[in-house]
Amino acid sequence: MSVLIALIAVAVAGWLFRFIGQRLTGKPYFRDMPYAVAFGFALAVALIGAGVWLYLQPAMNDQGVPRASVMFFHWAVHFFAVSAVAAFLFRLLGRLVGTQGSRKLFRQMPLTAAYGILVVAIYAFVAIFAAVLAPHGQEEVFAAANVVPGGNPAMGGNPDFPLGTDQIGRDILSRLIYGAQNTVGIAFATTVLAFVLGASLGFLAATLRGWVDQVLSRAVDVLMAIPSLIFSLLLITVASAWVSGAGLTAAMVVIIAVIDATRVFRLSRAVGMNIVVMDYIEAARLRGEGLGYLIFREILPNATAPLLAEFGLRFCFVFLTISALSFLGLGIQPPLADWGTMVKDLSAFINYAAFAPQVASAPLLAAGAIALLTVAVNFVVDWMLHRSSGLRE
Amino acid sequence: MTNPLVQMRGIRMDGRSDEAWSPIIKGVDLTLNRGEVLGLIGESGAGKSTLGLAAMGFTRDGVRISEGAVSFDGIDLLAASAEQKRQLLGKRIAYVAQSAAASFNPAHTLLDQHAEAPVQHGVMSRAEAEADGMELYRKLRLPNPDEIGFRYPHQVSGGQLQRAMTAMAMSCRPDLIIFDEPTTALDVTTQIEVLAAIRNIVEEFGTAAIYITHDLAVVAQMADRIKVLLKGEEVEEAETREMLSAPKQDYTKSLWAVREFQRPAKPAPAVDATPVISVQGITAAYGKMDVLHDVSFDIHAGRTVAVVGESGSGKSTTARCITGLLPPRLGRIELDGAELPLDYRKRSKDQLRQVQMIYQMADTALNPRQSIGDIIARPVEFYMGLKGRAKRDRVADLLEQIELPADQYYDRLPSELSGGQKQRVGIARALAAEPKFIICDEVTSALDQLVAEGILRLLARLQDELGLSYMFITHDLATVKSIADEVVVMKDGAVVEQGPKADMFRPPHHPYTDLLLSSVPEMDPDWLSDLLRERGADNVGDAATARMD
């Protein structure tokens, strides 16, 4: 009921806004403004107002119990603000330092892309130097289990473990840092493998057509017909009969790469088909060029933009698949730290979210690390796509 | 004369590129009286379409009117509200786009789309609009006017679609129609019927029109007055007859002179000479359908054979057979008297080298990711085995031959070149293989007249210097007149007539050749009227072609 009243209030406000704008200014902008736009403005103002009101609420109630919604909202706002400032500073730095080319690149860069690059760079740095950065080993077990994140002893924290420990007493911060290495590294290797496999076969099918195309495409259809997560679960279960530990992880990389290569195959075949009909390909064929030249020198350079975009998306999917498999216990095997496994191990704490936000944040840290990287990669890919389509004009 | 229908004063327009506004139209005035047809001509990029759209108070995305005033029947279009414009557009001002095929919605029938505007504007009821549509189709001489409206756009031919679009523009009896190159994408024989239809209906309803085109001969038939644009500025404006007989500006004169380029006739080849390329009785099929029937002709050293015909006549298919992309089902092809394998994959590197091709669309013929130098260097390296310094020098020579300075163009990408320059790069790539024989597939049809003439002159000069033979595929008979030594006329996949150029342009012809020749618009403003009188109004375009079978 109250939502309905609020909506009606917003609708009236939007109409008034447009009406007053028309009366006071008489500008064509207000005159030609559709009502939907006016409504949108009013709604935006109302939402921002509600956000500010929520932010200004005290984070604790009278009894000193934290209010989860306000607290999570505070964290989100703070995180957003810090991210925006960091992205802005990073772009500013890029504009002032570096070669002429790189400075020009940063001048035209939107803030989201700068943020994406920054986040990806930080992840890469953390992944490479995990052993140096992590305060403890990823498999080290301490006596203090279930320490609450925050490092505040009054709230059940421990300054030695700023992000707390898990049920068997492993430092969450260290495991997050090692998780970057394991999860991101393995996902990246898997995606690269999927692309090498999928793109080369896809272009081959597009160039040769005929029975090669038929055989490859039908094989891919068969693989795609089976739901991918269930299929990979099945194959990994089969593989686990022969290998275990690191071997199983390697088997998982190959299995996910093959399954994801089918999607890459479809894309590169479709893109390749559009390029193969171009006259310059015909000219190269009539010149007597070989298959390798056609695929790698004529087709590939013209397919980089869609492939790059697909790479970003595919990386996110692979990454999420690995996390999901780890969550189910079939992915990256302990004692290696992995974000998916961490979410699974700590997931029981989410139940405390309503009255103990700090406790519940333990599994959310790993989940947040996954989400952040996914978003960042997509920011970068969007920007690359935009750039390459703009250059083609 | 009362107040004019459209008055544009001091129009300046900007286009947005690379985050900055750059001028497209630099201060043009335009006046159009009621019932008058104004022709806007100029090269691509001259701003004709932009100006034409601005007359409707409309700009494309990324374009703005920075200065000036547009008034339509006393209404200031630039100050009009969106609602006021909605009342005018479609009802009193209509637009006919270049490509009717791309402008119709493929999911609705012609009549549905025709009735949309009058019903929306409240001019007619749905039933009235449909009845009126059929009436207009009859006036525009569409076949089966009572039924054609129930077809979908893909079920009618290009020329018919263009007339249906004109009918649609007429549906609210507008005061002004803007025609944006309505016949450019059509064959000469179809073009005539669209031109005749547009002219009749515009006269009948006393509609004012702005007719945008790059083809002078077409505009001569349609317009009362002609305005010539160059790079966003007006060159001159005059009554059609005056403009044609006595152009004042040098630029206009050069446009008029383009059609006068003609090569001196060459002596006929010796009777016993071996032709460079001999096509002997080839029959080719796509799938099970034969599209070429027993095509034969010879091309001798240093000579140009023009292959003419409408789209679908098998000109390009013949070229695909010669290059080996589409191996013919029957017949043989000889290069210098030696038989060529029919499939290009079975030809030797040297045989492939001897036959080169230049494409119609330079945009798709050059790899957009390779620099000009790399594009030309590839055949040099591939066939001649040149590397490093020698390769670079050879490419520089070739760039010199196509009149592009090597130091400026070597590292550029195709997207940084104009259409004519891209076509020159295509020529250089063909030359790099040092061939005997080059197939030119509609190489000038996508280019402006002056640029096209430059390409023709270049090809002629290269032929004289290097002794090349050309097979010149075209639908434009003006091009044939200027460059060909021999002509092959094709229709429905068969050769209708062939012989030396001089014979072909002198009667008696095969009736189809006659139809093609008489359909080419001439610079005489009375040409269309005379032709229609001569042929009878019902005997143009599709009807005339159909009568021939």
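Author: UniProt annotations may be inferred rather than shown by experiment. With that in mind, the unreviewed UniProt entry places the feature "domain: ABC transporter" at residues 6-256 and 277-517 of chain B. The model itself is predicted.

Reader: What makes up residues 277-517 of chain B in terms of helix and strand?

Author: Over residues 277-517 of chain B the chain is 41% helix and 26% strand. The end C-alpha atoms of this stretch are 27 Å apart.

Reader: Why are helix 17 and helix 18 of chain B called roughly parallel?

Author: Helix 17 (residues 419-432) and helix 18 (residues 449-466) of chain B pack at an angle of about 20 degrees, and their axes are 10 Å apart. Angles under 35 degrees count as roughly parallel, and helix 17 of chain B is therefore roughly parallel to helix 18 of chain B. The crossing of these two helices is right-handed.

Reader: Which residues make that contact, and how do they divide by class?

Author: Helix 17 of chain B contributes B:G419, B:G420, B:Q423, B:R424, B:I427 and B:L431, while helix 18 of chain B contributes B:V451, B:G454, B:I455, B:L458 and B:L462. By class, the residues of this contact are six nonpolar, four polar and one charged. Gly counts as polar in this scheme.

Reader: Why are helix 9 and helix 11 of chain A called oblique?

Author: The axes of helix 9 (residues 210-225) and helix 11 (residues 246-276) of chain A come within 9 Å and cross at roughly 130 degrees. Roughly antiparallel requires an angle over 145, and roughly perpendicular covers 65 to 115. Helix 9 of chain A and helix 11 of chain A are therefore oblique to each other. Helix 9 of chain A passes helix 11 of chain A in a left-handed crossing. The contact is formed by A:V220, A:L223 and A:M224 of helix 9 of chain A with A:I259, A:T262, A:F265 and A:R266 of helix 11 of chain A. Those residues comprise five nonpolar, one polar and one charged.

Reader: What makes strand 12 and strand 15 of chain B edge strands?

Author: They belong to an open sheet of four strands in chain B, with the order 12-11-14-15 and antiparallel pairing. Strand 12 (289-299) and strand 15 (338-339) of chain B each have a single partner strand, so one side of each is left without a neighbour in the sheet.

Reader: How do you know that strand 14 and strand 15 of chain B pair?

Author: Pairing needs at least two bridges between the strands. Two bridges join strand 14 (residues 330-335) of chain B to strand 15 of chain B, and the strands run antiparallel. B:L335 has B:A338 in strand 15 of chain B as its bridge partner.

Reader: What forms the hairpin of strand 19 and strand 20 of chain B?

Author: Strand 19 (residues 486-491) and strand 20 (residues 494-500) of chain B pair in the antiparallel sense over six bridges. B:E486 stands opposite B:P500 in strand 20 of chain B. Two residues lie between the strands, and B:D492 in the turn has a positive phi of about 50 degrees.

Reader: How many residues of chain A are in contact with chain B?

Author: Chain A has 15 residues in contact with 18 residues of chain B. Helix 12 of chain A gives the most to the side of chain A that touches chain B, with six residues. By class, that side of chain A has six nonpolar, two polar and seven charged residues.

Key:
Residues are numbered from 1 along each chain as its sequence is written. Chains are lettered from A and ligands numbered from 1 in the order in which they are written. This is a predicted model: local features need pLDDT of at least 70, side-chain atom pairs count only at pLDDT 80 or more; totals for chains, interfaces and linings use all residues. Axes are lines fitted to C-alpha atoms, for helices over the stretch in contact, and angles run from 0 to 180 degrees between N-to-C directions. A crossing is left-handed if the near helix is turned anticlockwise from the far one by less than a right angle, and right-handed if clockwise. Two residues are in contact if their C-beta atoms, placed from the backbone, lie within 7 Å.
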